[in-house]
Amino acid sequence: MAKILIARDGALEQQIQLSKERMTLGRHPRNDIVLTHPAVSAEHAAIVTILDDSFLEDLHSTNGTFVNGHRIGKHFLQHQDSIKIAKFQLTFVADGIRPLAAAQPVLAELSILNGSNAGKHVALTKPQTTLGRAGVQVVVIHRHPQFYTMTHTEGEAAPLLNGAPVDKQSAERLSDGDILDLSGTQMTFRVA
């Protein structure tokens, strides 16, 4: 079972087993993991564990949730990820059931350039990542051993890749620095 190590000012305060499917973190005592500090929101974040995968989600906190130095909305947790919430330093420790997933480096990511999610990063660690809104515009980014492709799968309006429309159902190979435009949201594809 995966766990979270919680430290403040360099001193380990707690070790919490991720024993429930959804565990909340925050200042309020009703949370599963209570982090007592004024900069922590009452309901700050949640960790959702499905089978052997754990995801950290910021619950629209005032001061944000950071993983490995990046502010996140939702993040797929990997072994030894460093989570910062206010004055607390949390470390995610995988349970050993998924050593291959924990050992895989993030090969590429999307950096969101505009809109309410500007500055956020989406790690492309899964075989395929779906982006967009159903019925409006949906693209799927496929991870191959040596490269990534993007396919427009749903919606009338074509997404743009470096300013050019992408044909429906054709796989476009992505290169470092490519700019994707999905219904006005722009993001940069970056290879790690």
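These notebook entries record what I looked up in a predicted model of one protein chain.

**Entry 1: confidence.** I began with the confidence scores. The chain has an average pLDDT of 87, and 94% of its residues reach at least 70.

**Entry 2: domains.** I looked up the domain assignment, which gives domain 1 (2-94) and domain 2 (108-191). Taken over C-alpha atoms, the centres of domain 1 and domain 2 are 28 Å apart.

**Entry 3: the largest pocket.** I recorded the lining by kind as 13 nonpolar, 19 polar and nine charged residues.

Next I checked which strands contribute. At least two lining residues come from each of β6 (53-58), β8 (70-71), β9 (74-76), β12 (108-112), β13 (121-123), β14 (128-133) and β21 (185-191). Which strand gives the most to the lining? I found that β14 does, with five residues.

**Entry 4: H121.** H121 sits in strand β13. With a relative accessibility of 26%, H121 counts as partly exposed, because that value falls between 20% and 50%. Leaving out residues up to four places away in sequence, I listed H70, E109, L110 and S111 as the residues that H121 touches. I also compared H121 with R190: they are 69 residues apart in sequence, while their C-alpha atoms are 9.9 Å apart in space.

**Entry 5: T151.** Is T151 buried or exposed? T151 has 8% relative accessibility and therefore counts as buried, the cut-off being under 20%. I located T151 in strand β16 (residues 148-154). Apart from neighbours within four places in sequence, T151 is in contact with V138, V139, V140, H142, Q169, S170 and A171.

**Entry 6: L160.** L160 belongs to strand β17 (residues 160-161). I noted its relative accessible area as 28%, so L160 is partly exposed. The residues that L160 touches, not counting those up to four places away in sequence, are P165, V166, I179, L180 and D181. I also looked up the separation of L160 and N31, which are 129 residues apart along the chain: their C-alpha atoms are separated by 42 Å.

Entry 7: Most residues other than glycine have a negative phi.

D9 is not a glycine, yet has a positive phi of about 55°. I placed D9 in the loop between β1 (3-8) and β2 (11-17). D9 is exposed, with a relative accessible area of 74%.

Q80 is also a residue other than glycine with a positive phi, near 75°. I found Q80 in the loop between β9 and β10 (82-85). The relative accessible area of Q80 is 47%, so Q80 is partly exposed.

Technical notes:
Residues numbered from 1 in each chain as written. Predicted model: local features only at pLDDT ≥ 70, side-chain atom pairs only at ≥ 80, totals over all residues. Heavy atoms only, no water. Helix = DSSP H or I, 4+ residues; strand = E, 2+ residues; numbered from the N terminus. Nonpolar A, V, L, I, M, F, W, Y, C, P; charged D, E, K, R; others polar. Domains from an automatic or database assignment. Buried < 20%, exposed > 50% of the residue type's maximum accessible area, 1.4 Å probe, protein only. Contact = heavy atoms within 4.5 Å. pLDDT = per-residue confidence, 0-100.
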